[in-house]
Each structure stands twice: as structure tokens, then as C-alpha cells.
Amino acid sequence: MVEGTQIVGAAIVAAAKRFPEKSIRTAHAVFARAVTVGPPVELDIDVISEGRSTATAVISASQNGKRCITITVLSDVPSGDVIRHHLPRPEVAGPADSNVSHMPMAGRELRLVDVVDVNSPDEVGPPELYAWLHYDPVPARDDLAKALIAYFTGHLGISTTMRAHEGIGTAQAHLTVSTAPMTVTVSFHEPVRWDGWLLYSHESTQVGSGMSYVRGAVHTEDGELIASFSQDALIRPLRTTDTSISEHSRL
């Protein structure tokens with residue numbers, strides 16, 4: 001299946017092209033259907049409002065004639081500060097003292113703080129995960145940089161939630177438990193610029209009744225907060241009796 005946040009990144013770029021004089025501030029995605037590898041994905045932009053300061057659009061991603069994902073995007077023209085503050089970067093081990101993790105993607109390096117195997121049901125700790133990412137190159141275009149930041153916001157949310165529960169991990173996904181990101185929201189805090197490493201902080205604040213909630217932040221190595229994000233995800237017992245649904249399309 002195609003990562004839902006990959007489609008979110010594409011929607012951010014599409015919205016930036018539709019509103020070239022504005023900056024993308026927030027994208028909220030709902031993943032209603034899985035997007036599979038192969039068939040083309042079509043993006044349709046429905047402009048809700050377009051003013052001098054702000055603009056809003058709903059972008060639908062469709063495949064095989066069915067809408068799979070909707071992304072509501074808010075853009076604006078940044079102004080000068082009236083007031084300013086931001087959440088400090090967590091005091092955790094730096095990239096040099098963190099564990100290399102292999103998530104294949106050209107130009108990306110990933111290191112995890114105090115975790116060796118993010119999928120293991122045996123690595124138990126608080127419902128928090130900290131991940132250092134390094135991209136080479138860092139996109140010069142604002143919309144591409146934001147799309148790249150958004151892409152990783154859905155990767156570790158379910159692992160963050162499961163980390164607090166012994167005997168369950170994302171290695172069991174689609175084998176004994178059914179898991180899927182259902183929503184992702186990412187907000188960008190201007191100016192979005194960085195060199196070197198980015199720290200993605202994840203905190204699971206609640207899980208129950210088959211759903212989990214994770215909130216997070218993206219800091220530069222120098223401590224600037226450039227994005228915040230959240231994720232709702234499905235975590236449920238695997239249903240093996242839905243034979244009418246093809247295996248690769250099941251959540």
C-alpha cells in the first residue's frame with residue numbers, strides 16, 4: 001500500500017501551486033480507503049475560500065474512481081509577530097548517541113533514541129518515541145520542504161502507543177492485530193527552514209476502544225519548533241473472516 005502521508009505531501013504541493021502567493025500552514029487528512037501501488041491517484045482541489053490573507057481548499061485523492069483520502073489545507077500570508085513562543089526541544093540523546101534504524105528511503109537517515117527495534121513487542125517503555133532524521137538534500141522550495149516534513153508524521157505513531165504495552169508491537173500488525181493510521185494533522189510554524197538533523201517527538205496520550213491518539217513535534221537540531229502533528233490510528237483484533245475483502249486492501 002502507498003503511505004497515506006505520501007499523498008498528504010502531494011496535496012501540500014498541489015495546494016501551494018494553487019495558492020502561489022501564500023504559505024501552507026495546516027493540512028488535516030482523513031484516510032478513508034487504502035491507496036494501492038500501481039493504479040494512478042488523482043487529486044481534485046475544491047477551493048472553499050480564497051482571500052487576501054488566507055485560503056482554504058479540500059483536496060480529494062481518488063483511485064479507481066473512488067475517493068480514498070481527503071485533505072483540508074489552510075494557507076496564509078505570514079505576518080509580523082504580535083507575540084511568539086514555542087515548545088522547547090526535549091532533552092534527549094543526540095543523533096550521534098542514538099540507534100541507527102533502517103527505513104529505506106534515498107537521501108534519508110533515521111536514528112532512534114533509546115530504542116533499537118521500533119517494531120519489537122519486547123521493547124517496553126513509556127508511550128514516547130524520539131526519532132532523529134537527516135535529509136540530503138534539504139529541498140530549497142518551501143512546499144517541498146513541508147511535504148517532506150509531513151511524510152514522516154505517520155510512521156511511528158502506532159509504535160509509540162504499543163511501546164507501553166508488553167507483548168505487543170507493530171511486528172504483529174496484520175498478523176494478530178489490525179492497525180492503520182486513520183487521520184494525520186500537521187501544522188507548520190514559520191519560518192520552516194533547517195540544516196542538519198530534525199527531531200520528531202511522539203507522545204501517545206490515549207489508547208482504547210480500538211483507537212489511539214498520538215501528538216508530536218518537529219524541532220531542528222538548534223531547538224527551533226518548525227511543525228506540530230497528531231495522529232488517530234486504528235488498533236484492533238485482526239478479523240480473519242472478511243474473505244470478501246482482498247487481503248492487500250484490509251486494514
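Q: How many aromatic pairs does this predicted model contain?
A: The count comes to two aromatic pairs in this predicted model.

Q: Why is the pair of Phe152 and Tyr200 called edge-to-face?
A: The planes of Phe152 and Tyr200 stand at 75°, and an angle over 60 degrees counts as edge-to-face. The centres are 5.0 Å apart, whereas the limit for a pair is within 6.5 Å.

Q: What makes this a link between distant parts of the chain?
A: Phe152 lies in the loop between helix 2 (142-151) and helix 3 (157-162), Tyr200 lies in strand 9 (residues 197-208), and the two are 48 residues apart.

Q: Why is the pair of Tyr200 and Phe229 called tilted?
A: The planes of Tyr200 and Phe229 are at 50° and the centres 6.1 Å apart. Stacked needs planes under 30 degrees apart and edge-to-face over 60, so the rest are tilted. This pair also links distant parts of the chain, with Tyr200 in strand 9 and Phe229 in strand 11 (residues 225-237), 29 residues apart.

Q: What makes Phe152, Tyr200 and Phe229 a cluster?
A: Ring pairs link the three residues.

Q: How do you know whether Tyr200 is buried or exposed?
A: Tyr200 has 0% relative accessibility, and buried means under 20%, so Tyr200 counts as buried. Phe229, with a relative accessible area of 5%, is buried by that cut-off.

Q: How do the residues lining the largest cavity divide by type?
A: The largest cavity, with a volume of about 70 Å³, has a lining of five nonpolar, four polar and three charged residues. Among the lining residues are Val115, Asp117 and Ser120.

Definitions and conventions
Residues are numbered from 1 along each chain as its sequence is written. This is a predicted model: local features need pLDDT of at least 70, side-chain atom pairs count only at pLDDT 80 or more; totals for chains, interfaces and linings use all residues. Side-chain values use heavy atoms; hydrogens and water are left out. On a 1 Å grid over the protein atoms alone, a cavity is a set of points where a 1.4 Å probe fits but cannot get out, and a pocket is an open set with protein on both sides within 12 Å along at least five of seven lines; lining residues have an atom within 4 Å of a point. Grid points are joined across faces, edges and corners, and a volume is the space filled by probe spheres set on the points. Ala, Val, Leu, Ile, Met, Phe, Trp, Tyr, Cys and Pro count as nonpolar, Asp, Glu, Lys and Arg as charged, and the others, Gly among them, as polar. Rings of Phe, Tyr and Trp (its six-membered ring) pair if their centres lie within 6.5 Å; planes under 30 degrees apart count as stacked, over 60 as edge-to-face and the rest as tilted. Helices (H or I, at least four residues) and strands (E, at least two) are DSSP runs, numbered from the N terminus. Buried means under 20% relative accessible area, exposed over 50%, partly exposed in between (1.4 Å probe, protein chains only).
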